[in-house]
Amino acid sequence: MAAESYAHFRPGNRCSRHRSIYNSSELSTMCSIETIIKVAHGDGGGKLRPFSTWESLLTSSTAAPPYRRKPGWRETCPLQIGLPFQSDTPVYALQRLAQERRFATALPRTVSSCVQPGDFPASSLPGIQQFAGWAEFEPQVTSLQGRYKWCNVVVVTAVYGAQDVVSPPLNVHESSSQLACFVMFCDNATARMSQGLLRGSPEQIWNIEILDGYPFKEPRFNSKIPKLLIQRLFPDALYSIWVDGKLQLQVDPIALLAHHLWRTGAELAVSEHLVRQKLSDEACKLTKAFTGELAVEHNFDQQRVQWISQQLDTYQREGFSPIAGLPDTAILIQRHTRRTNAFGCVWFRQILRFPHGRDQMSFGYSVNLSGIQEVTNVFHKCGYVLAAREIGHRRRTGLVG
C-alpha cells in the first residue's frame with residue numbers, strides 16, 4: 001500500500017490521513033506521537049505490537065522497481081545502507097521524537113529576519129533575479145506554518161516551470177508515513193503537468209503548496225527559498241529532508257535520519273560530490289557550462305562567470321581554501337536546531353552575494369562561517385546513490401540548478 005502524508009485524526013482514537021492540506025480548517029487536531037504509538041497497529045492504546053525491523057524499511061511493499069545504476073563506481077556501492085538499531089524497531093523513532101518534542105526550544109519563524117532588500121544593492125543582482133523583499137511572501141509563510149505545525153519530520157522538494165518530472169518517494173514504511181509530512185512547492189504549470197500523479201494515482205503522497213508573493217522575479221530562483229530556508233518555513237518540525245526535484249527518494253526518511261544523524265550525532269548531513277572533489281574544479285566546470293550548454297544570454301553569462309571568479313577570490317582572501325571539499329547538496333538532512341537554523345540564513349545570503357544560481361559553491365564556506373563543522377556529516381557518495389535515484393531534469397533552462 002502506498003504511503004500517504006499524515007494530517008490529522010478525528011475523535012474516537014483513530015487516525016485518518018489526508019493527501020492534501022490547504023487550509024487550517026482541515027487541520028483539527030494532529031496525531032501526537034504518543035497517540036500514534038498507541039494506535040500504531042490498531043491496538044487502541046493497549047500493548048504495543050512491534051513494527052517491522054529496521055531492515056524492512058528498505059524492503060516494504062512499496063519497494064522500488066528494478067533500477068540500473070550508471071556504470072563505474074556506483075556499481076561498487078552496497079545494495080542498501082547499513083542501518084543502526086538492528087535489534088530495535090521503528091518504535092525507537094517514535095519514542096525518540098516524542099522525547100525531543102518535549103524538550104524542543106522555539107526557533108526563529110520569519111524569513112524576513114534572514115535578509116532584507118537593502119542588504120544587497122539592486123545593481124548587484126541581474127533583472128532576472130531582482131530581490132523584491134518579503135512583504136507579500138511573509139504572510140504566506142505564516143499560513144504555511146499553521147498547516148504543518150504538528151509535523152515532526154518534513155520531506156520537501158520544489159519544482160518550478162515544469163522543469164522536473166515529479167516522482168513519488170519509494171519504500172516509505174507505514175509507520176514513517178505517520179511521522180513525516182511530504183511537501184512539494186510548485187507553480188501552476190508544474191501542478192497541471194503532474195495532476196495525474198499528484199491527485200489521482202495510488203502513489204499520491206505529496207502535499208502541494210503553490211505560494212504567492214515570492215521575492216524574486218525568476219520563479220526557479222525562488223526554489224532556493226524552501227531549500228535553504230527550510231527551517232524558517234517549518235520551524236515546528238524537528239527534522240527535515242530536502243530532495244532536489246530531479247531526484248526520487250528511494251529510502252525511508254526515518255531510516256535516513258537514523259543512519260546519517262542519530263548514528264553519528266550530527267545535526268546536518270550531506271553527500272560528498274559524486275564527481276568533483278574541489279571547489280575550484282566546480283568553478284571550472286560551471287564556467288564552461290555557463291558559456292556552453294547552460295548559456296542563457298551573452299552578457300548575463302559573462303556576469304555569472306565573473307561572480308564565480310569573485311566568489312573563489314573572496315573565499316580565498318577570507319581563509320577558505322579553493323581546494324576545499326565539495327558537497328552535493330541535492331539531498332540535505334537536518335535536525336532543526338538554533339545552529340542549523342542560523343546556517344540556512346548564512347547560506348541564503350551567500351546565494352545573493354554571488355547570484356550565479358549554484359548553491360553548492362557556497363555550502364562549505366557557509367558551514368565554516370556558521371561554526372557547525374563538528375556537527376556536519378559529509379557522508380560517502382554511495383549514501384547519495386542509495387538514498388535517491390536520479391530521474392533528471394525534464395528540461396533545463398540554464399538559470400538555476
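Trainee: At what angle do α11 and α13 pack, and how far apart are their axes?

Mentor: This is a predicted model. Two packed helices are described by the angle between their axes and the distance between the axes. For α11 and α13, the angle is about 20 degrees and the axes are 11 Å apart.

Trainee: Which residues of α13 meet α11, and what is the contact by class?

Mentor: From α11, the residues in contact are Ile308, Gln311 and Tyr315. Their counterparts in α13 are Met361, Ser362 and Tyr365. By class, the contact of α11 with α13 has 4 nonpolar, 2 polar and no charged residues.

Trainee: How many residues of helix α13 are buried, and against which elements do they pack?

Mentor: Helix α13 spans residues 360-370 and is mostly covered, with 8 of its 11 residues buried. Among the buried residues are Met361, Ser362 and Tyr365. The buried residues of α13 pack against β8, α10, α11, β9, α12 and β10.

Trainee: Which residue follows α13, and what is its phi?

Mentor: Helix α13 comprises residues 360-370. The residue that follows α13 is Gly371, with a positive phi near 70 degrees.

Trainee: Which residue forms a salt bridge with Arg147, and how far apart in sequence are the parts tied together?

Mentor: Side chains of opposite charge can pair when their charged atoms come close. Arg147 forms a salt bridge with Glu209, and the closest N and O atoms are 2.6 Å apart. Because Arg147 lies in helix α3 and Glu209 in strand β5, the pair ties together parts that are 62 residues apart in sequence.

Trainee: Are Lys224 and Asp359 buried or exposed?

Mentor: The side chains of Lys224 and Asp359 meet in a salt bridge, at 2.7 Å from N to O. Lys224 lies in helix α7 and Asp359 in the loop between α12 and α13, so the pair ties together parts that are 135 residues apart in sequence. Both Lys224 and Asp359 are buried.

Trainee: Which residues do salt bridges that share partners join into one network?

Mentor: Lys227 forms a salt bridge with Asp244, the closest N and O atoms being 3.4 Å apart. Lys227 lies in helix α7 and Asp244 in the loop between β6 and β7, so this pair ties together parts that are 17 residues apart in sequence. Through shared partners, salt bridges join into one network Lys224, Lys227, Asp244 and Asp359.

How values were computed. Residues are numbered from 1 along each chain as its sequence is written. This is a predicted model: local features need pLDDT of at least 70, side-chain atom pairs count only at pLDDT 80 or more; totals for chains, interfaces and linings use all residues. Side-chain values use heavy atoms; hydrogens and water are left out. Buried means under 20% relative accessible area, exposed over 50%, partly exposed in between (1.4 Å probe, protein chains only). Helices (H or I, at least four residues) and strands (E, at least two) are DSSP runs, numbered from the N terminus. Contact means heavy atoms within 4.5 Å. A salt bridge is a side-chain nitrogen of Lys or Arg within 4 Å of a carboxyl oxygen of Asp or Glu. Axes are lines fitted to C-alpha atoms, for helices over the stretch in contact, and angles run from 0 to 180 degrees between N-to-C directions. Ala, Val, Leu, Ile, Met, Phe, Trp, Tyr, Cys and Pro count as nonpolar, Asp, Glu, Lys and Arg as charged, and the others, Gly among them, as polar.
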